[in-house]
Amino acid sequence: RGVTIALVDCGIDKNTKEFGRNLSPLSTDLNPERKVVLVDRHADEVAGPLGSILDGRGLAGVAYNATVLSIRADFDGGWRGQCGFYPSDIARAIDYAVEKG
């Protein structure tokens, strides 16, 4: 509790129940003009073991009371059907995470 985990990836599905109250309202997409929805569920698969809530259903993360700050930084369309990233966007995402604590 009181710890924030910043996840720079292709975006967590905000409708999933795995994160519930643990998903930070400061979660963002660095591309405000994005045309493509989630390419895959990679971010959910990475964040699940870290910050899924402890609710007696499904997965419980090792830091189940932590806040997960999801920062979507992939480029539209991905790379061969998977998330693809430009180094400059990863750097911007890290700056955003630091700024948000």
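**Entry 1**

I started at Leu-50 and found its place in helix H1, residues 42–51. For helices I took DSSP runs of H or I with at least four residues, and for strands runs of E with at least two, numbered from the N terminus. The model is predicted, so I kept local features only at pLDDT of at least 70 and side-chain atom pairs only at pLDDT 80 or more, while totals for chains, interfaces and linings use all residues. Residues are numbered from 1 along each chain as its sequence is written, and side-chain values use heavy atoms, with hydrogens and water left out.

My classes are buried for under 20% relative accessible area, exposed for over 50%, and partly exposed in between (1.4 Å probe, protein chains only).

I then looked up the nonpolar surface patch that Leu-50 makes with Val-46 and Val-62, about 250 Å² in area. Patches are made of residues with over 30% relative accessible area and no salt bridge; like charges are joined within 9 Å, and nonpolar side chains (Val, Leu, Ile, Met, Phe, Trp, Tyr) within 5 Å. The areas come from the Shrake-Rupley method with a 1.4 Å probe, and for residues only the protein chains shown count as cover.

I next checked strand S3, residues 67–72. Five of its six residues are buried, so S3 is largely enclosed by the rest of the structure.

Two strands pair if DSSP finds at least two bridges between them. Strand S1 (residues 4–9) pairs with S3 in the parallel sense over six bridges. Strand S2 (residues 28–29) also pairs with S3 in the parallel sense, over two bridges. I looked up Ile-71 in S3: Val-8 stands opposite Ile-71, and Ile-71 is also the bridge partner of Thr-28.

**Entry 1: the disulfide**

How many disulfides does a search of the whole structure find? The search finds one, counting a pair of cysteine sulfur atoms within 2.5 Å as a disulfide. Cys-10 and Cys-83 form it, with their sulfur atoms 2.3 Å apart. The torsion about their S-S bond is about 65 degrees, so the disulfide is right-handed. Cys-10 lies in the loop between S1 and S2, and Cys-83 in the loop between S3 and helix H2 (87–99), so the pair ties together parts that are 73 residues apart in sequence. I found both Cys-10 and Cys-83 buried.

**Entry 2: salt bridges**

My search of the whole structure gave seven salt bridges, each a side-chain nitrogen of Lys or Arg within 4 Å of a carboxyl oxygen of Asp or Glu.

I looked up Arg-34 and Asp-74, whose closest N and O atoms are 3.6 Å apart. This pair links distant parts of the chain, with Arg-34 in the loop between S2 and H1, and Asp-74, 40 residues apart from it, in the loop between S3 and H2. Arg-34 and Asp-74 are both buried.

Arg-57 and Asp-55 meet at 3.3 Å, N to O. Arg-57 counts as exposed at 55% relative accessibility, whereas Asp-55 is partly exposed at 30%.

Arg-92 and Asp-89 have their closest N and O atoms 3.1 Å apart. They are three residues apart in helix H2, and therefore separated by about one helical turn. Arg-92 is partly exposed at 41%, and Asp-89 is buried at 15%.

Finally, I noted one network, in which salt bridges that share partners join Asp-29, Arg-34, Arg-72, Asp-74 and Asp-76.
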